[in-house]
Every structure is written in structure tokens, then in C-alpha cells.
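Let's take a walk through this one, starting with confidence, moving on to the annotated domains, and ending at an interface.

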Amino acid sequence: MTSTDAPPDAATLADRVEQFLAEHDPETSEPAEFLRARFAAGLAWVHYPAGLGGLGAANGLQTAVDAAFAEAGAPENRPRLNVIGLGMAAPTILRFGTDAQHQRWLPSLWTGEDIWCQLFSEPGAGSDLAGLATSAVRDGDDWVVNGQKVWTSMAHHARWGILVARTDPQAPKHRGLSYFVVDMHAPGVEVRGLRQITGEAEFNEVFLTDVRIPDDQRLGEVGQGWAVAQYTLMNERVAIGGGTVPRESGAVGPLATRWREHPEAHTPGLHDRMLRLWVQTEAARLTAERLGQQQAAGQPGPEGSGVKITYARLNQECSSLELELRGEDGLRYPDYSERRPEVEDYASRDAQWRYLRFRANSIEGGTSEILRNVVAERVLGLPAEARADKDVPWKDLPR
Amino acid sequence: MTSTDAPPDAATLADRVEQFLAEHDPETSEPAEFLRARFAAGLAWVHYPAGLGGLGAANGLQTAVDAAFAEAGAPENRPRLNVIGLGMAAPTILRFGTDAQHQRWLPSLWTGEDIWCQLFSEPGAGSDLAGLATSAVRDGDDWVVNGQKVWTSMAHHARWGILVARTDPQAPKHRGLSYFVVDMHAPGVEVRGLRQITGEAEFNEVFLTDVRIPDDQRLGEVGQGWAVAQYTLMNERVAIGGGTVPRESGAVGPLATRWREHPEAHTPGLHDRMLRLWVQTEAARLTAERLGQQQAAGQPGPEGSGVKITYARLNQECSSLELELRGEDGLRYPDYSERRPEVEDYASRDAQWRYLRFRANSIEGGTSEILRNVVAERVLGLPAEARADKDVPWKDLPR
Amino acid sequence: MTVTTPETGDLLYSDVEEDLRASVRALVEKQAPWDAVLRRTDTDDSVDTELWARLTREIGVAGLAVPEERGGAGASWREAAVVAEELGRAVAPVPFLGTVVATAVLLGTGEDELLAAVAAGERTAVLAVGATRGAGRPLPVTVERQGAGDLLAGAVTAVVDAVTADVLLVPVEGGIAVVEADGDGVTRTTVESFDMTRRLTDIAFDGAPARVVTGGDTGKALRVGAAILASEQLGLAERCLADTVAYLRERHQFGRQLASYQALKHRLADLWVAITQARATARYAARCAADDTADLPVAAAVAAAHGADVALLAAEEALQLHGGIGFTWEHPAHLFLKRARADALLLGSADHHRSVLADLVDLPA
Amino acid sequence: MTVTTPETGDLLYSDVEEDLRASVRALVEKQAPWDAVLRRTDTDDSVDTELWARLTREIGVAGLAVPEERGGAGASWREAAVVAEELGRAVAPVPFLGTVVATAVLLGTGEDELLAAVAAGERTAVLAVGATRGAGRPLPVTVERQGAGDLLAGAVTAVVDAVTADVLLVPVEGGIAVVEADGDGVTRTTVESFDMTRRLTDIAFDGAPARVVTGGDTGKALRVGAAILASEQLGLAERCLADTVAYLRERHQFGRQLASYQALKHRLADLWVAITQARATARYAARCAADDTADLPVAAAVAAAHGADVALLAAEEALQLHGGIGFTWEHPAHLFLKRARADALLLGSADHHRSVLADLVDLPA
């Protein structure tokens, strides 16, 4: 298997998977060994280049490969724990990294041996990410980093983090940033769980105190951090699927179930709200499906922002009504003690927990307010908000 | 009765009314004569100065005087037809007019012999009144006026109009305006009915073409028109009353009546809307009452803007639901032919007419959007909207 | 109950549909611009019969869902829905909605001669039921029979698109009575209507000769009508949004484009989001009608409930954001407002459609 | 039916009320700032008994509506409502609401010794009904009688403010059973509550000795409770608005104060308008409670329905507009959100109060 071959088609890939499985019995292989071998065979992410876990295949052929491995009972690479690594860090490393950086980070990232996290948001820089204040100052071959990051998923599991820091406070805000990979085990990196209103600590704060990052852990040029970060965030967008989304999926599901199972709680007013939310959810479902069809047809529409605004609202309103339907039980709460959940399973939780957790849906990953700006400006062509922060040195901005 | 007397109190006023009525029998007097005599006696608006229809009495004593005259069957001074004259023009003339202007306009204004209208709004200057474009150019002792005004109530009845026009297009917008009284019978004044979405023409457009206004019909200094106009508009504010507002007054009244009389139209969803609107209307009623109590207690609150926003919305939502309750009949309309109503009587009209007419409630007299700005900026102290029109010559502004 | 998820099918517009849209739009923009539509509302000539003639004869809009072998174009309700979008965008005063419902009825009967004539635009037919009758409601019975021939007696009020109809299809016990609209014993009275771009008709029958036929499914026809109406509402809402965006970009107050004020931007963004949903629900309902799937009742109810709310929101926002000018007769905003408000009652209100859904998806009161 | 308009009465705050407000606010700000309230939610010591002691003994908040001759301050429910505003503003963990309802019950009985002790803050009493029981709903019966003494059996769940209560007032057939909360046969279990600033209690009775007294009107007491709760909701909503305004003025994004964005300004303006209405409805309900007018049922239902909606809107907007920081445990936004969401079920939901109104003002389903 060499890198000079023509890109493999689906049939070729199926053959290679079969051959690989014949050579590596999922039953008997040590999982880490198996995953390393799969990476080496180019069957990790087949659209990546040969030598970096792929075979240069066309996009869209991965699904069948993954399905074949799953069917054979092959070990998994911790995809939910390493969602930041696989979804955001890897494509950024591939796009902006040097050969040495590719070799250094991609194999253990894909196998799940190293979990990654993302050090972007700060207490003072949320919607306005480019206003971030964490500083990186050059000192010989290193950068010395100081600052505080927040909303960092998986930081307590992570070996590596992707970091945006300010390397030139004299430059306008978007132009003074650089992008690094930070060793989360390095001295000066402190990870603290960030307790949220549900009682749990799903996210982290990361404090960076005189953390030294060698310059060979920089991705992209000095001062180009904003462009690199934009590429990372572009990969954050939730893929809205082809295929049929089930009716009554999402927050309306447990609401409708409770409605059916508890006729004693029915009132005319609540019935009207129930039906409105059902209709709105069905409308949102069909909208998401239509968006998926557009994307599949090569007509990417701007509906994604609208879908996110809508789901956030429906999650909030459905869980609020569901809580209300519970009556007295809606005043109880399972457990506010501080815990660290691994992966959230919304469906198994009480309506009260969902009501609280879903408040964040209209904030995380782009607030509904920012998304309305996006729709108004990019879709409807309305003038952008006046801003005075684009050509001013970052250090002179009001904060 | 001389102007050097001390201001009369309520008892004195009652005596004077009694004396006046003894001398002028409402039964037998010619109405215009009666009204002129009442003006001369200072019993027209008793808080106005002596000689101008008043006696310099304290505010608040007028109500009893009016009641006494009404009880005696005294002729009326066309208060609904001359609402602009009595409510807005008269206080402005009193405040900014010369003695000659007082004598010239106030008597026939108060008696209703001359109806007044207000020429402020323009097609290009609605919320942004100070952007108006009607020009007044000095020519000898006259001003020559050209432009177009709109939303002019009563213009087709009016003998006089209060007019704001631009006398200096080189000045910033608020500083280039002057305020005039225009003879509505002068050459070049053309009044056209402005048909609205109900089919009726309740308002007018007024076209001004080379209309000559003598300089002695100017109120206030040249360039001070904005301040004079602000004074006029301050008097526009609907007085929100002392006394108890009846429950179910306003648009919820006919809605509730229809609900009670047509149980066959009830559904759970409509019931919920009915009850929500009833609660909101009752809340708005109590809010208006509380505002009236505050004003009566000398604590004028800023709640007026909120009351107007709320009534506009409730009028619209109540009439929409009432229309919906009518079912098939809600698809019929009494008459779209162009007519000129004298004074609108909302209660006697169909829900469909009300639905249409009430759309204007959130536009006329200050849009709900402008009122939200007012609340946000003046009550909550949030920053004003950025604007670039304050220090620029009016002629250079984008339009 | 387990909720099942029917296959969604294609929610996009095909090239054929886009071509059809372009043809309809070009014709309507030329023949019935808004000022012409407005002027017509002040006349007794409330239907644009010339536009209707060209729509049916040049483009064939009345026969889209009729098979070729029965005299139609052999397309489907999907394509008819695209036509409805364009006619809604223009509040065009033509009897398309009535024709849709009548065609859906006739497709179930053996009345192929009449069906072909309707499909060709040679005759227009309408189902004689009150405008607010939603799918699933009991239909008014207005017939008496005598001897050899059937003679109708009774009345139907507020019928859509009957002003210029040639044939009335009257639901009666045992079937559908086919009646000549200009025949003996039929009195039509045009109603001063809230929406003057689609005037209603009160119809009285007093011994009107009729022929009763079987096979027509009025309930299903009204569901198809509700599905197509949702596309009309979509087109209307899109027009309102587009007009409002254009106006706010052009109009300045306080030295700034109105379009630059964030509170207005967010309202328009929310409206745009709602319209994307109306598009998806209308497309799905049209697809269910086209393929006659078992989910049509749900799809039509969702599309009708959502479409009514969105069109009314769009028209009300358009009026408000146009300010004073939108309140004048000589501006089109009121044409859309009145159509949207009337459409929200036509074939059943949003409230009615939600109560229908309660039964269909097992969410009882 | 003819709708009549009761005399509204005074909706303003008197100087005495403003003085009372200042006293309560000063004490609460010193004794129970939000971070102390937050820390307490993580402990088993969920009620701030020291604050309650000072509120009752130094200011006399528990005896405001009790006549002087029965050991109270001889003020009225109007003044109690002002206290509720301040306690709502601070989500203060003290048993004021429970005390209000219990006092309203006791005022109808001859239990003057207990009433005086409650008014003085020497004992706390609570009506043992489920938290969501609205005025007018049937009360749970949880008693059995035996021989000479009455012994209670049964259970009441989710009782408000019973954590530190000394005396339980249990509605039973024929009256109110007065029970020592720490007595034999009473088991109280503190509930992990959605709103940890007001934890609920499940109470089981197993042969608990009781004394049944008559004259207490639980329905009216719960209506008084709903009226006072509306003032708590008002105070909470005002606090949420004030905190949000302050935060948006201070926080910059994209080089501008968040407070300068018009979409946010308009939302806050709408919230302010809603709060002015909540103030008017709460004041009117308090006035009707104070003067025991015939309109109390309407006034309490309007105030409770409106107050619940406004407080929840205010708390949800506050959380949203604070962005990420508001989602963290170490910020007070969630304290207000949880209180508002719980309050919207306490003593009956807004939906319940609207359905009560339907009967009261003749707007039947």
C-alpha cells in the first residue's frame, strides 16, 4: 500500500478492510495494537493522506469503513471522549501542521491514546472570541503563556490542548493572535472543574501560569492565529444528517410520553402548549431534513443557524412544559451535588435537569443572539453592527 | 372682572358660572354668541390668563366648570373636531405667541369657529420628525413654503394649521427648523384624503406649493422650531386618567362579550388565548390606574410609554382573536368603499374593522419600536443608539 | 402508542418545478402587478379572468395533478404547490385554490369530461362548502331529491372561488351533486370580503337541477387543499419578508438605514427562520399529497397550522415595519395582511388543525 | 353577566411601607448576600434561622397582618407584600411564605396563643399541604381520629417551609389539626428540591397527637398566599432586570457595551413593561387581601398568573443575557431561575390560576 496509488473507491476500501480484519482478529488483538495497525493501514480516516491514517480517498467513504469495523467488533478509538481531537484538532493539524507535527500528534490522537481539548473561550471573550487576553510572550525557543480559559470540555482527560493566545497586544485584535498546541501536563497548567447550574461540572476552567510552549508547537504563522482558529471552528459545526430524523426526537419525546402517560395532568391550556410544541418540533425536524437534503445535493443552505436557534428554544420550552406537567414532582431534583459526568445522556435525566441544562443551548456554540446577527447579515444582507474594535490596537479596547 | 384680581378658587368659579348662566340662558342664546361670551368672561379655560379666555386659575379647576356648563345644557365648542386646536395648538400659541397672536387666534379657536390641524409628519419623516424636508424660504415679509405633510387629522375641516418647516438646510437637522401658523385656505394649500387599510380616509395628506405665510404667523424664533414642536408634542400625550378605568374596557370588551355569547365557537386553544388576553388586559388596566395614582401624587412615572406599547398589542391581539372567533363571518367585511368618518367609534364596528384599524396603534403617536428605545434609554439608562445625524448639515444627510 | 416516522421524501425543488415557478412568476408579474390587483379590489370584476385564462391555457396550472390520460399534465400536487407559492406571493385574484380542491374531488369520480375541461381551463369548478370548513369536519348537507331528476335546495355560505365558477360540486348525502352555476334555481351573491383579492360567494339553491355522482372524497380533497394553501402562505410570507427587507434597506431615519437597527434585524431573522420551517412543512405536505401517503393528514395539519401562523406573522411584521406608509390603501402591505388573516381561517384555523393533530398523533386533550 | 369594576384602592407604596422595605433590605443584604445564600444550598442547614430570627424579632415581619390586640403589629397584608418583594429580591432562605399562609389560617381560629407566638417569631407554623395546591383545589385529607385524643395518620408531600417549622397545621375533615412538628408520630424528610433556597418537606403522620380546631379558612389563606407570592415574584423579577442591566452596561464585546445593542435593549424594555404590570397586579392583590375585599379571588388569580409568567421571563432572560457566566454555579443567576421556575408552580401554576379566573369572570371553556 503506497502513497502513489490512485485514490481507492468504495469497493477497494471494502476489500482492504476485509484483508485487514483477516490479518488482525478483533477478538484476539490488543485494542491499542489493533488501532495503531488500522492507522498504519490507512483505514483510520480514509480521506486523510497516506501515511497519516488515510489513503487519500474521497469524502463520504468513511461511513462504510467504520460500519464494517464496527460489525466485526473492532475496538473503538474513544470517539465521544476525544470529540474535540477528532473533530477539531485533527483537521487543523492536518491543514496547518508541518510534517513533523503531523507525525507527532495525529497517530496517538486517532487511536484515542491522547485526548485533546480546546483552549479558546475566556471569561472576557465569549461571543467576541478575538478579544481574548491570554498572552504568549516569546522567550528564546519557547513562548511563555499566561491567562485563563473556560468552557473547556475534556480538559481533565486531555494530554494536549489547542490554544489561541495573544502574541501582539499592539496589533488590532484579530491580527495579534497565534495558535499553539499545549501539553496539558506541562508545569503551570491547572485544570479545575467548572460547576454549572445543574450541579455538575461538565466543563473546566484552565489556568495557565508561565506555561512554556516550544515554538515547534505553534500551528501556522505568528499573528495568523485567528485564521487557524476560524478553520478549527468551521469544523465544529454540527453535521445535520442525511437520512430521516425520527419524529418526536429531541426534547419533545419525553414531553409527549409524559403527556400520554399522565392524563390526570392535562388541562386545556397545557394541551395547547403541548400541540404547539409538537407542531414546531415537527417543523424543525423537516427543516433539518431539508437542510440535509440541500447539503447532500451540493446546495449548502444557510439554514444551519436557524436550526440551532430553533432547537435551543424547543429544548427549553419542551423541558419547561414537561417540568410543569410533573406538578409537585417538578419541584424535586435528583441531585445537586458536584459530579463530573463523562458523557451526557439527556434522555435518561429528569425534566428538571433537562430544563436547567438546556438553558445553555442558546449560549454554547454561538449564542442565539449572535446567530440572529448571522442570519440578518449573511442571509438577509442587512448591515453589520457598528463596531469600533477592528482597527484599534487590542490593548486600547474597552474591556 | 379685571386681571389684577387674585386667582379665583373653586367656589368663586362656581359663583361666576352661576352668574354667567343667569345672564346667558343656554336655551335661548345663539350658540356662537354664548361661546364668545363665555370666553370673554374668562370661563373658557380658567387656567389661561385673563383676557385670553381664562382667569389665571389653578390647574385642575376646569373640570368642575365644564361640568356645570354641561349640566346647564350649554353649547359645546366642538371639542372632538377641534382636538388638535384645543389640545396642541392653543397651549403652543399661549406659550410662544405674541399678544397680537394670542388675540388673533385663541378666541375663535376656543369657540370652535376655527378648527385647527397639525402639519408635522412627512412621508420621509415619521419617527425621525426632525428630518423633515418641507422648506420655508424667506421672501420679503413672507415665507414661501413647499412640501408635503401627511397623517393630518382634520385638515379638511381646518381653517388654521400649525406647521414645522425647514428654514435652514445648511444647519444640523434640529437647528434648521421654524414653526408657523398656516392659513389652510391660502393659495397653494391642497388637502387630500388619505385612504387607509380599512377603506376609510380618516387622515389627510396636505400638499404645500408656494404657499405664502406672513412672518407674523411665525411662532417662536427662526431656527427654534424644534423646541416649539417639542412643546406641542408634549401636550399630545394622552392623559391617563385618575378615577377607576372600567374592567374589560378596551378591545377585550367586545371579545369577552363574543366569547360569552358564542359558546359554539369555543375550543381549548382559543380559551387559553381568551384567558391570557383577559389577564393581560386587567394587568394593563391596573398599571394605567397605578400610573394615574402616581401622577396624582405628583410622582410622574415613566410608565406611559409602556402603557401605550401594551394597549397597542392588546388591541391588536384581542381584535384578531375576536375575528377568529367569528369564523366564517370573520371573512366578511362591512364596507371597503372610501369614506370620511368624522369621529371614530371603535365599539360599534366589526372585529374585522377593528383588527385593521388597530394595526396603526403601534405606529401612530410614537411607534412601539421608538417607545422601546425610550424605555431602554430613559428608564433603564442603556446607551442611546449610535447616530450620525446630529452635527451634520441636514442637506448632507442620507435620505 | 409508538410514533412512527414516515419516509420524508424529497423536500427540494426540482428543475422542472423551478422552471414552472419562473413561468408563473413572469406571467403574474406582467399581468397582475400589485397595483393592478389593488385597483381590481375596488371593482365588481374581482377575478382576473384573463390571467386565469393564460395561467391555465399557456402554463396548464389547473391540470398539473391530473393524469395525462385524463386530460391533464401528468405532474402532481408538488408542482401545483409551486404554483400556489407564486400566486400567494402575488395575492393573484384567480380561482386556483378552488380549482385544486374541485380537481381533487373530481379525480375520485368518473366525471372525466368535466375533469378534462377543468384541467384545460375551459371550465372552472368549485366545491361548494363554506370557506372555513377544515378537513375532517362534517360537511353541510344542502340537497333535496325529487322524482327522476335531483333538485337541490338549501344554501351554502362563504364559498371560495365561486364568483366565476361554471360548475358547483355540492356535497350531498350519497355523493357529490354536480350543478351548473348559472343554471336555474341557483343564486350566487358575491360577498364583501375581508380579503378582496379572493371574494367569497353565498349560494342559494331553490330547485336547481343536479346530477349526483359518487367516488369523490371531499375530506381528502380538503386536506389536499390545506396542503396547497400552506404553499400559498409560504409564498406570501416570503414576499412580505423580501418587501420589508428592501424597504428597511432603503429607508433612513436618524441618519441610518432602518435595516441597521439590531432590534429590527433580529425580528427579521426570526421571521426568516420561521419561513424556512414553513417551506419544509409545505414541501412535505405537498409531497404527501402528491404520493398520496398515509401521513397526508398529519403533514397537511402541520403545514396548515404552521403556515397560517407564519404567514400572519410575516404580514403583520411587514405592516408594522413599513410604518405609516404600510397603513395606507395605496401600499400593498394590506393586501398581504388581509390575505394572510383570511388564509388563517380558510379550510380551518391553525387552532383547528392542531386539534386534528391531537387525534392523529395521540396527544389527547 | 355584567362585569363590575371594584374600587381599585391605593396601588402606591406608603412612606411606612418604604421604611419597612429599607429595613428589610438592609438586614437581608448584610445577613444573606447571594453568595451566602448559595453556599447554604450545599449544606443541610437550608434555612437561615438567624436571619429569620432577626426579621421577626427586630422588624416583626411575621406579625404584620396580625392585629395588635392579638400580638401582632397591626399593619396588614400590604406591608407583608413589601416584605415578600424584598425577600424575593434576595431569594432569602427564610420561612416567610409558609408563615403568611399559616397566619392567614390562624387568624380565623381561636388559637390566639399560637398566633401571637408566630407573630412574635417565637414559633413557626406552616399549613401542611402540598406545595402546588392552588386556592380552591380540594385539600388532602390525612387524618384518623381515635377515642379521646385525635391521632393523625397519613402523609403530605412537598410542604413549603416545613423544614424548621415548630407547628404543623394539617387540614382534616372538620377543621385544622394542630400538631407539634417534632412530636411523636411525625416524620419529616427534607426533599432535594429544585429550588434549594426553599426546600420542601415530605411529612408522614403515624399516630401523631393533634388538636383539631375550627374556623381556619384554608382556601382563603392560600389565596392570600398567592397574593403575597406575587409580590415575591415581583421582587425577584426586579432584581433579575437590575442585575442584567448592570451586567450589560459593564460587559464589552466587539468593542461595545453589550447594553448598546438594540435587540437586547428592546428585550429589556419589554421586560420592564411586564414588570410594571406585575407591580400593579401584585399591589392590587395585596390591597384586596389587606381589606379582605370580595375581589380577592380575582385579584389573587390575576397577580399569581401574571407574576409567575413575568418572574420566569425575567429569570430566563437574565440567564441568557449573562451568557456563559450565568450558567455557572458560582453566579447567582441560577438561584433566581430556580426560584422563579418553582414559584411558577407554587400554590398553583399560571395555567391553574387562569382556569380559576375562567369561572370567576364568566369566561367558560
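What pLDDT does chain C average? This is a predicted model, and chain C averages 94, with 96% of its residues scoring at least 70. For the model, ipTM is 0.95 and pTM is 0.95.

Now for the domains, with names taken from unreviewed UniProt entries. In chain C, UniProt puts "Acyl-CoA dehydrogenase/oxidase N-terminal" at residues 15–114. That span is 63% helix and 0% strand, and its end C-alpha atoms sit 31 Å apart. Chain A carries an annotation of that name over residues 13–113, where you'll find 57% helix, 0% strand and 25 Å between the end C-alpha atoms. Keep going along chain A and you reach "Acyl-CoA oxidase/dehydrogenase middle", listed by UniProt at residues 117–210. Here the span is 0% helix and 48% strand, with its end C-alpha atoms 19 Å apart.

Next, look at where chain D meets chain B. The two bury about 3900 Å² between them, and 65% of that is on carbon and sulfur atoms. Lys265(D), Trp272(D) and Leu363(D) supply 18% of the area chain D buries there, more than any other three residues. In residue terms, the contact takes 48 from chain D and 45 from chain B.

One of the salt bridges joins Arg372(B) to Asp270(D), with the closest N and O atoms 2.7 Å apart. On chain D's side, α7, α8, α9 and α11 each give two or more residues, and α8(D) has the largest share, at 15 residues. By class, that side has 24 nonpolar, 13 polar and 11 charged residues.

Notes
Residues numbered from 1 in each chain as written. Chains lettered and ligands numbered in written order. Predicted model: local features only at pLDDT ≥ 70, side-chain atom pairs only at ≥ 80, totals over all residues. Heavy atoms only, no water. UniProt positions renumbered as here; feature names shortened; annotations may be inferred. Helix = DSSP H or I, 4+ residues; strand = E, 2+ residues; numbered from the N terminus. pLDDT = per-residue confidence, 0-100. Contact = heavy atoms within 4.5 Å. Buried area = accessible area lost by both parts, 1.4 Å probe. Salt bridge = Lys/Arg side-chain N within 4 Å of Asp/Glu carboxyl O. Nonpolar A, V, L, I, M, F, W, Y, C, P; charged D, E, K, R; others polar.
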